[in-house]
Amino acid sequence: MPIQYYIAFAATLFCIGVVGVLTRRNAIIVFMCIELMLNAVNLLLVAFSKMHHAAALAGGGKNVTTGVEGQLFVFFIMVVAAAEVSVGLAIIVMMYRNVHSVDVNFLNRLKN
Amino acid sequence: MGTAQILFWSLTALALISAIMVLVSKNPVYSVLWLIVVFFAISGHYILLNAQFLAIVNLIVYAGAIMVLFLFVIMLMNLNTETEPQKSIWMKFFGVVAGGLLLSFFISFVISSADLKGKSAQLKEGEIGLIKTLGKALFNDYVIPFEIASILFLSAMVGAVVIGKKD
Amino acid sequence: MSKLVYLVPLFPLLGFLINGLFRKSLSKGLIGVIGSGAILASFIVSLVLFFDVKSAGAALPVEPLFTFINTASFKIDFAFQVDQLSSLFLLIITGVGFLIHLYSTAYMHEETEAHFGRYFAYLNLFVFSMLLLVLGANYVIMFIGWEGVGLCSYLLIGYWFKNSEYNYAATKAFVMNRIGDLGFLLAIFWLLSKLGAVSFVEVFTHLDKLTPGDITAITVLLFVGAMGKSAQIPLYTWLPDAMAGPTPVSALIHAATMVTAGIYMVARSNALYSLSEVAQHLVTIIGLATALFSATIALRQNDIKKVLAYSTVSQLGYMFIGLGVGAYTGAVFHVMTHAFFKALLFLGAGSVIHAMHHEQDIRKMGGLRKYLPTTHWTFLAGCIAIAGIPPLSGFFSKDEILAAAYAKNPVYWGLGVAGAALTAFYMFRLYATTFLGNFRGTHEQEHHLHESPAAMTWPLIILAVLSIIAGFVGVPEVLGGGHMLRSFLAPVLVTEHHPEIEHSTEYMLMGVSVALAAIAIIIAINKFSKKPQLEEPAGFGKVLADKWYVDELYDAIIVKPLNAFAGFLKNVVEKSGIDGIVNGVGRFVQYSARQLRLLQSGQVGSYILFMVLSMVVFFLVYWNQAMITHFFQKIF
């Protein structure tokens, strides 16, 4: 599959995530949009990894492992994302407990 | 058009539509459900790229653990359409315009780039996505990052408990 | 011996530094010895230099002490030039200056130590500046001395700084001088831009590089400088007011230093002036007008020093007539004789004032002949000398100028002789009112009248002798003399204009001027010795007594409009213009800061929006940089 298709797909997914972050006020939805953006990047990494692998195979040689780093990177991103979600959700829960709202506009302490 | 292409396009369409539905759903619970559909579609893409390990991990970690966590939190807070805060129409408009501009730049870049001409991703075959290959690499070259990731998890767990604790 | 030149100004400078820095710890006697001794030492060196020049018959070589200004296009050395002209001036300045210093030690004895030291420090600085002015081998060094003289006159006129009127007089002198200095400065700039050189030697050897227009402009501008320093119309009003200073200072300003600077400068630049008809006519007419105008004012002044002050202005006018008609030797000769008899008259007046306990109004004097014999006789000698009665010095110098004026235009001569008659009249009015008749002061004053101490009378006697005999260095041919001064100065005053007048005419001219002066003297003595003018002047006399209302005129046409303009600038331009701009900038910054602060809403959503928008802008610029570069290249 031409790599351009993957890039365009991942970019579209990413931009949908951006628009979600910009247009929604619910902290949980914003958080989900960030996950969406992470996944777009993950998909692109895997696609690039397969692209490099295909190029290495076409260049000849057996047992090449070119591209394996890309997929390991995706693995680590997932690890970090899982940790991030657990901490982030804990923060949102705490915020809800304090102000009884998940509205990000409610948190404008940065102004001062 | 072979099976792979049909699968690619249908999975792409599914992922994009579901992603848009995540945004437009008024009820946060629906958003979570649509997001799970997006993750399933992306996992399908992984399988198409013969990245089996990542496809499974994606399903287990994202669609399974993380999304259930989201669902739990939403239900815990009893969020629904009525309590959903709405942004002003202007902020929404500007957000969509800004995102659309960004997307148009990415697309124009992809179309005009000379470097990407003739490159393509390998579908259905290739062995690097297999657990065997990844496992060898992970436990030989990347064993230290792997172990550090476990420490990260531990600290995240402790952090979540500390933050979420009622004081 | 030219190596000694730098010593001449060095001694007064050292005297200034010592007296100025240690004035509080030195005793009065020591201060007087240091102050006078410095000038005496300069005088001795000057004498040596003078005889060097005289025996060599040529100027000593100019030796730069150091480079003063060095730029790509010109170089100005700090150099001294000793030739016939400057060595003569050195003698006058240091000689008369020394006598005045000596006189001051007695005259200023009532002052406290610190003020006494300050006085002598200023005097020495004054002499130093004047020596610098005369010795400078280029216009820039001359200008340094020129400015120094102006500064010292300010300091000395305002010496009694607790009196605000004296301070006003000092400021007036300074400002008037500054107006003239601007002309001098512009002339120097003009020379620099046209010739790239300011030293006398270079300028006078490259005169062919200047167009007639340049020369006229430069000479007129130089003359503006001379007008200020030598108190010519229209910048003369400071000199009579300069009487606010102590009397020896007046003597120093009027006789030895300061006012002769303008004469010296024009005489030094004679090569330039001779090339410009316009400037010569200007100098003559201004000199003539000043001579007559101030003589009329002097007729009705009642302050002993004011009369002398206006007579100085008048005599300076004669010197400028001499310069204007090309009789440079006559002008320099008159500077010399005038230095002697004017110093004598001022010091004599100082002696009178000293005896009268600082009373300066001649209407309250009279009959002082009996009480102050030495002062009286020396003062009389000064009066005869200035009136132009042969064989005293004033006759020879004034007659030389008048003869040259006659050769140029008989009208000049007629007006000059009229002025000379007026001079004789007002001087003898002063003499008769002060020394003849009966004493008109209080009994207490009469009781305290006494002759001044020796330190004051000896300078008077020396100056009187000089006033009597100094004329013999310039006896004209027609009277059987060789005119030593003319042949001595001839190498410097190369463009001297020698009038060809028949001997019979010259006798006639002399006879007329002497006869007129004598008649004026007789009338004045008859009129004022018995019945002095005690009443307040009325009618035309009042106009003269009020100095033709020139001060009031200047006040109305220059000072008041300037004040009004300054007030306009202060109240309108400053307040609403400058302040408006400054406050406007401040207000704009405050306003825009208030508006910009709204961007920091504290809401993460808007921050992210800005982030995305700036990414968009970044990509826009990045992908279009070639086009943007092209666009900017087109603009700039």
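# A tour of chains A, B and C

Chain A is built from 3 helices and 0 strands. Start there, and keep in mind that this is a predicted model.

**Stop 1: chain A.** Select chain A and colour by secondary structure. Reading along the sequence, you pass α-α-α. Now colour by burial. Of the 112 residues in chain A, 54% are buried. Then turn to contacts. Among those in chain A that link residues at least 6 apart in sequence, 52% join residues at least 24 apart.

**Stop 2: the annotated spans of chain A.** What secondary structure do residues 6-22 of chain A have? The span is 100% helix and 0% strand.

**Stop 3: chain B.** Hide chain A for a moment and select chain B. Here you find 6 helices and 0 strands. From the N terminus on, the order is α-α-α-α-α-α. How much of chain B is buried? Buried residues account for 27% of its 167 residues. For contacts in chain B between residues at least 6 apart in sequence, 62% join residues at least 24 apart.

**Stop 4: where chain B meets chain A.** Bring chain A back. Select the residues on each side of the contact: 70 residues from chain B and 59 residues from chain A. Which elements of chain B give two or more residues to the side that touches chain A? They are α1 (3-24), α2 (28-48), α3 (52-77), α4 (89-112), α5 (131-140) and α6 (143-164) of chain B. Colour this side of chain B by residue class. It has 52 nonpolar, 14 polar and 4 charged residues.

**Stop 5: helix α24 of chain C.** Select residues 550-597 of chain C. This is helix α24, with 48 residues. Draw a distance from its first C-alpha to its last: 65 Å, close to the 70 Å expected at 1.5 Å a residue.

Notes: Residues numbered from 1 in each chain as written. Chains lettered and ligands numbered in written order. Predicted model: local features only at pLDDT ≥ 70, side-chain atom pairs only at ≥ 80, totals over all residues. Helix = DSSP H or I, 4+ residues; strand = E, 2+ residues; numbered from the N terminus. Expected span 1.5 Å × (residues − 1). Buried ≥ 20, exposed ≤ 12 C-beta atoms within 10 Å, placed from the backbone. Contact = placed C-beta atoms within 7 Å. Nonpolar A, V, L, I, M, F, W, Y, C, P; charged D, E, K, R; others polar.
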